[in-house]
Amino acid sequence: MIPVAEALQQVLDLVAPLEVEEVPLRQAAGRVLARDVTATRTQPPFAASSMDGYALRRAEVEPDAMFKVVGEAAAGHRFEGKLKAGQAVRIFTGAPIPDGADFVVIQEDTTRRGDLITLGHKIGQKDNIRPAGGDFAKGQKISAPLLLRPADIALLAAMNIARVPVARKPIIAILATGDELVQPGETPAEDQIVASNSFGLAAMFEGKGADVRMLPVARDNAASLKQAFTLAKGADLIITIGGASVGDHDLVAPVAAEIGMEQSFYKVAMRPGKPLMAGRLGEAVMLGLPGNPVSAMVCGTVFGLPLLRKMLGLGSEPLLMQEAPLGVDLPQNGPRTHYMRAHLRDGQLFPDDRQDSSLLSVLATANALMVRPVDDAPRKAGDTAHFIAI
Ligand SMILES: Nc1nc2c(c(=O)[nH]1)N[C@H]1C(S)=C(S)[C@@H](COP(=O)(O)OP(=O)(O)OC[C@H]3O[C@@H](n4cnc5c(N)ncnc54)[C@H](O)[C@@H]3O)O[C@H]1N2
Ligand code: MOO
């Protein structure tokens, strides 16, 4: 057994950031910007009105001042002339400020009769003009790497960047193993159960930017497992589930070795997830997860997500660890880092009473994995605890 930190480092050492590809802006959300991009234009490209009202000269603003309305400026339609003394231009939000004007009075502060407007008595100091380039200037940079959120997509669009350089999506093949497994929707025989964690892991990785290839379930024999491995060809990461322990039907390690896997490690001092293995298999990295559903999901979180982030070019930082006071007393921890399914409630952390690694219903209602270090001393309610939000 090796410590979690060492195992994670070894796993991360197996991958490098993937190559860059260009995608249309509409497909860029949720992808990782892989190269810096620069604005191809200035926004706004002209000084623009921020209100509906009248453009005029600030020097002429005083209570009861009268102006002749000589034209109109709307968004997309500038006023072509030049404003002269005593003149105003009817203007709408987003319209270019006419030549000669340096102030916009909002229409609520005016009275209009025919072509004439009269100002009220309480005109504010604010000019209601958005300067050219107030948002960004041509050449302004968006720095990579960056996970593109909806606001980034809007900014890229405003910068007129129609094709976006992003990291290629990692292809992750998920291979569940076991004679007992059927797929959701099928009818299990008496001794069978429904494959679950393969679907949970697929959701986990797809949600973080991977393309997941769900392979058919491999049966507990070498031929079936070998056949399934051939279907993983082309994947960047192969994740097996189950068959990782020491039982007579746990064939993943021997079969993977037979087809050329160079193992980095087997067994990690973590709970759940002890029988985790990792290594290189041809061009791909292989992560062999234990079959117990919570073990598989916890290993996916602790190892799979950082691997994915590194492949996407988002760096190698460990998962964000947060702190909160414990809500209960806890006994001494054992010799493995314990990822306890916990509830963060009213700012306090409450580990669930039921920590068996088969209990998906507990994992599904938890919102935190509380992390207890190896041999952590007994803890009292109120002591600081560390957790990963899930
Ligand atoms: N003598 C020992 N026995 C076990 C040890 C050990 O150290 N010595 N370790 C235990 C630990 S810890 C774990 S974790 C499990 C891991 O076993 P495997 O990886 O070989 O997993 P399986 O035996 O194939 O399955 C375990 C359990 O999970 C269910 N399973 C498997 N795949 C799925 C799936 N895709 N969806 C839902 N459920 C799945 C399977 O039916 C079993 O119930 O080994 C312990 N034993
Ligand atoms: O460590 Mo196993 O992963 O308890 O279930």
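# Helix packing, sheets and ligand shells in a predicted model

Author: The crossing of α1 and α6 is right-handed. This is a predicted model.

Reader: At what angle do α1 and α6 pack, and how far apart are their axes?

Author: The angle is about 35°, and the axes of α1 (residues 4-13) and α6 lie 10 Å apart.

Reader: Which residues make the contact?

Author: From α1 the contact takes V4, L8, V11 and L12. From α6 it takes V302, F303, P306, L307 and K310.

Reader: And how do the residues of that contact divide by class?

Author: There are 8 nonpolar residues and 1 charged, with no polar ones.

Reader: Moving to the sheet with β18 and β20 at its edges. What is the strand order?

Author: The order is β18-β15-β19-β23-β22-β20, an open sheet of 6 strands with mixed pairing. The edge strands, β18 (211-214) and β20 (262-266), each pair on one side only.

Reader: How much does the sheet twist?

Author: The average is 20° from one strand to the next.

Reader: Which strands of the sheet does α1 touch?

Author: α1 packs on the sheet and touches β20, β22 and β23. The direction of α1 makes about 160° with that of β20.

Reader: And α6, which strands does that one touch?

Author: α6 also packs on this sheet. The strands touched by α6 are β19 (237-241) and β23, and the direction of α6 makes about 155° with that of β23.

Reader: How many bridges join β22 to β23?

Author: 5 bridges join β22 (residues 277-281) to β23 (residues 284-289), and the two strands run antiparallel. One pairing there is M277 with G288, its bridge partner in β23.

Reader: Take β6 then. Parallel or antiparallel to β7?

Author: Parallel, with 5 bridges joining β6 to β7 (residues 87-91). V69 stands opposite A88 in β7.

Reader: And to β10, parallel or antiparallel?

Author: Antiparallel: 3 bridges join β6 (residues 66-73) to β10 (residues 116-119). The bridge partner of F67 in β10 is I117, and that of K68 is L116.

Reader: Where is the positive phi in the hairpin of β25 and β26?

Author: At D346, in the turn, with a phi of about 50°. The hairpin has 2 residues between its strands. 4 bridges join β25 (residues 337-345) to β26 (residues 348-351), and the strands run antiparallel. R345 stands opposite Q348 in β26.

Reader: Domains next. Where are the bounds?

Author: Domain 1 takes 4-17 + 169-311, and domain 2 takes 29-42 + 134-167. Domain 3 is 48-130 and domain 4 is 322-389.

Reader: What separates the centres of domain 1 and domain 4?

Author: 25 Å, taken over C-alpha atoms. The contact between these two takes 15 residues from domain 1 and 13 residues from domain 4.

Reader: Which element gives the most on the domain 1 side?

Author: α6, with 7 residues. β21 (270-271) also gives two or more residues to that side. By class, the side of domain 1 that touches domain 4 has 9 nonpolar, 4 polar and 2 charged residues.

Reader: Now ligands. How many residues surround ligand 1?

Author: 26, the closest being G242, A244, S245, P290 and G291. Elements giving two or more residues to this shell are α3 (197-206) and α6 (293-311).

Reader: How does that shell divide by class?

Author: Into 11 nonpolar, 12 polar and 3 charged residues.

Reader: What about ligand 2, which residues are around it?

Author: R271, P272, G273, K274, P290, N292, S295 and S357. By class, the shell around ligand 2 has 2 nonpolar, 4 polar and 2 charged residues. P290 is one of the residues around ligand 2, and P290 is also among the closest to ligand 1.

Note on methods: Residues numbered from 1 in each chain as written. Chains lettered and ligands numbered in written order. Predicted model: local features only at pLDDT ≥ 70, side-chain atom pairs only at ≥ 80, totals over all residues. Near = placed C-beta within 6 Å. Nonpolar A, V, L, I, M, F, W, Y, C, P; charged D, E, K, R; others polar. Pairing = 2+ DSSP bridges. Domains from an automatic or database assignment. Contact = placed C-beta atoms within 7 Å. Axes fitted to C-alpha atoms, helices over the stretch in contact; angles between N-to-C directions. Left-handed = near helix turned anticlockwise from the far one by under 90°.
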